[in-house]
Amino acid sequence: MTHAIEIDELSKTFTVRERPQGRFAALRSLWHAPKREVIAVDRISLRIEAGERVAFVGPNGAGKSTTIKMLSGILHPTSGRVRVAGHVPWQERQQLAYRIGTVFGQRSQLWQHLPASDTFDLLAAIYDQDPATYRARRGVLVDAFEIGAHLHRPVRQLSLGQRMRCEIVASLLHAPEIVFLDEPTIGLDVSARATIRDLVREQAERHGRTVLLTSHDTGDMERVCARVIVIHGGRILLDETIDALRRGYIRRKLVTLRTVEPTIELALAGVRVVKRAPHRTDLEVDVDITPIDAVVQAALRGGQLNDLTVEDPPMDDVVQAIYARAEADARLRECAS
Amino acid sequence: MTPRGIGNVVRKAAVLARVAARHRLSQRAAAIGRAVTYAIMLFVFSRLWSVIAAAYPGTSPPADRVLWYIAITEWIVLSMPQMHGDIQDELRAGDLLYRLTRPIAYPWARLGEGLGDLVVRMGLLGIAGFGFAYLLTGTVPLGARELAWVVPLGVLAASVGVVFELAIGFTSFWLHDCRPVYWIWQKGLFLLGGLLVPLSLYPEWLRAIAVWSPFAAILHGCGTLALGEGEPLLVGLRLLAWFAIGLGLVALVFRRGLAQLDGGGG
């Protein structure tokens, strides 16, 4: 397999001016403003294969956006080596532009007072698209994203979900090999979010596109991507498949028992009742202390069951646990030094 | 950049200009507002210059020519889109950086958009303003040659203004707010450009300074066609020179600004 993205020891340090404190601070800052170096990205290395769908997650200020900006050629790194679709992004930004697509959920590339079709035509010209190829591709995408009815209405009149579908189509019109998606479902309702996720995944699978998705919504990560990279403090904390993440980090399961009797009592170590209602008991099980099969056997002994479900805790909890562990490790390192 | 590369940029900028023009045409209320402001201004100045002409008979240039001079200079000033504010907003919101991922350099894309916007504004304001100037004076004091030159030179003059607007907008890379720079530029246009009073009525020493500035090239140059003083070819050459200087300035300021952003954080 070829690598769509190769990153070796990539770092980015910003120099920020600090405003001096005290009287006449603004005046003094005119000739002397103290500067401070901020490490936004700290020696990260990774490989993303062509056709992979990767979630790039981390809390605010973790270095996600800075990394994406370096990958798309917007920023120069302080050190390190990057190749995206075979190009060095900051040296070959214009050439790379033809091979990447970008969707930024909080920014629009559509002209608000014009129909989306006008922006599509404009992008086709900017990306040097052959008219026949463009028309055919646009037709396919318009059908796939079901935006035919909205294509000729001014963008400002569209709902957020409709607009986002148009934004994604706009970014795919030049058939990019790699798509950077930054918070593509932000602000959308549940149904629109699900639609966008399914469409992105389906399009990427069908055309073998590489997807690098950054999002604070773990639902995006689970539904769209197969691999997750967690970044924190500019460094990669974790790089695993979503399945491995679940297996490795989920020590707790949520068990729901629906019983014939109004209640059921289970006295097992590592099992905690989180909610109780008539004929229903929700349990949280620490599988390191008591395996799930032991809980099921105990439940069967304790009464007659109508239904039993075992679920993983929400992915949000998993990611929060990763961040918490990283922060605890950082504190330990600080204490040790 | 190769000639083919330049041709490619010009072609893409032209497409952007077309879309920007369509975008501008969809905002009718703003266009009507500007046309009304323009008409009020012309009316006020027509009254003012009538009073001056009555008080000082034989004043040169005549009042109707001065009103047409003001109609031309105001047409240029009111048509120029205030792009510095848009650029500043894009930079503050972080949108500018994301537009760098397109296969056309941001300044040239912005220039294309600005010129598209400008052409629509000039068309609408030209019809309204020149029509109103004719109603107020009952004459068109431009000869056939001047009349043929006034529109292309006016568009070129406003285009020079757009280029300098871009350069002003790019000072936002360093200044949190680029409006003070714009205000200096705007006051320069008003005073040294001779927006409301032809430079021929200025004191000699001030006129000698003003004629070498881009302000006079943008406003006074075209305005002189109404006064029967201007040489269209010379006006055009001056404007082309300032257009080239402005493009160089835009490229320089943008490159420096981007480097500054790269070091200080996006």
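Helices here are DSSP runs of H or I with at least four residues, numbered from the N terminus. Keep that numbering in mind as you move around this predicted model.

**Stop 1: chain A as a whole**

Start by selecting chain A and colouring it by secondary structure. Taken along the principal axes, the C-alpha atoms of chain A fill a box of roughly 70 × 60 × 45 Å. Now switch to colouring by accessibility: of the 337 residues in this chain, 48% count as buried.

**Stop 2: the two domains of chain A**

Next, select residues 3–247 of chain A, which the domain assignment gives as domain 1, and then 251–311, which it gives as domain 2. How far apart do the C-alpha centres of these two domains of chain A lie? The distance between the centres is 43 Å.

**Stop 3: the largest cavity**

Time to look inside. The structure holds five cavities of 30 Å³ or more, and the largest has a volume of about 70 Å³. To find this largest cavity, show the side chains that line it: A:I168, A:L172, A:V179, A:L181, A:V200, A:Q203, A:A204, A:R209 and A:V211. Three elements of chain A give two or more residues to this lining: helix 6 (160–172), strand 6 (178–182) and helix 7 (190–207). Which element provides the largest share of the lining? That is helix 7 of chain A, with three residues.

**Stop 4: a nonpolar patch on chain B**

Move over to chain B and select B:I32, B:V36, B:I40, B:F43 and B:V44. Together these residues form a nonpolar patch on the surface, with about 460 Å² of accessible area. Centre the view on B:F43, which is found in helix 2 of chain B, residues 28–55. B:F43 counts as partly exposed because its relative accessibility is 41%, and that class runs between the buried limit of under 20% and the exposed limit of over 50%.

**Stop 5**

Finally, go to helix 11 of chain B, residues 232–264, and pick out B:I245. Is this side chain's residue buried, exposed or partly exposed? With a relative accessibility of 48%, B:I245 counts as partly exposed. Now draw a line from the C-alpha of B:I245 to the C-alpha of B:Y134: the two are 35 Å apart in space. Along the sequence, B:I245 and B:Y134 are separated by 111 residues.

Methods. Residues are numbered from 1 along each chain as its sequence is written. Chains are lettered from A and ligands numbered from 1 in the order in which they are written. This is a predicted model: local features need pLDDT of at least 70, side-chain atom pairs count only at pLDDT 80 or more; totals for chains, interfaces and linings use all residues. Side-chain values use heavy atoms; hydrogens and water are left out. Patches are made of residues with over 30% relative accessible area and no salt bridge: like charges are joined within 9 Å, nonpolar side chains (Val, Leu, Ile, Met, Phe, Trp, Tyr) within 5 Å. Accessible areas come from the Shrake-Rupley method with a 1.4 Å probe; for residues, only the protein chains shown count as cover. A salt bridge is a side-chain nitrogen of Lys or Arg within 4 Å of a carboxyl oxygen of Asp or Glu. Buried means under 20% relative accessible area, exposed over 50%, partly exposed in between (1.4 Å probe, protein chains only). Domain bounds come from an automatic or database domain assignment. On a 1 Å grid over the protein atoms alone, a cavity is a set of points where a 1.4 Å probe fits but cannot get out, and a pocket is an open set with protein on both sides within 12 Å along at least five of seven lines; lining residues have an atom within 4 Å of a point. Grid points are joined across faces, edges and corners, and a volume is the space filled by probe spheres set on the points.
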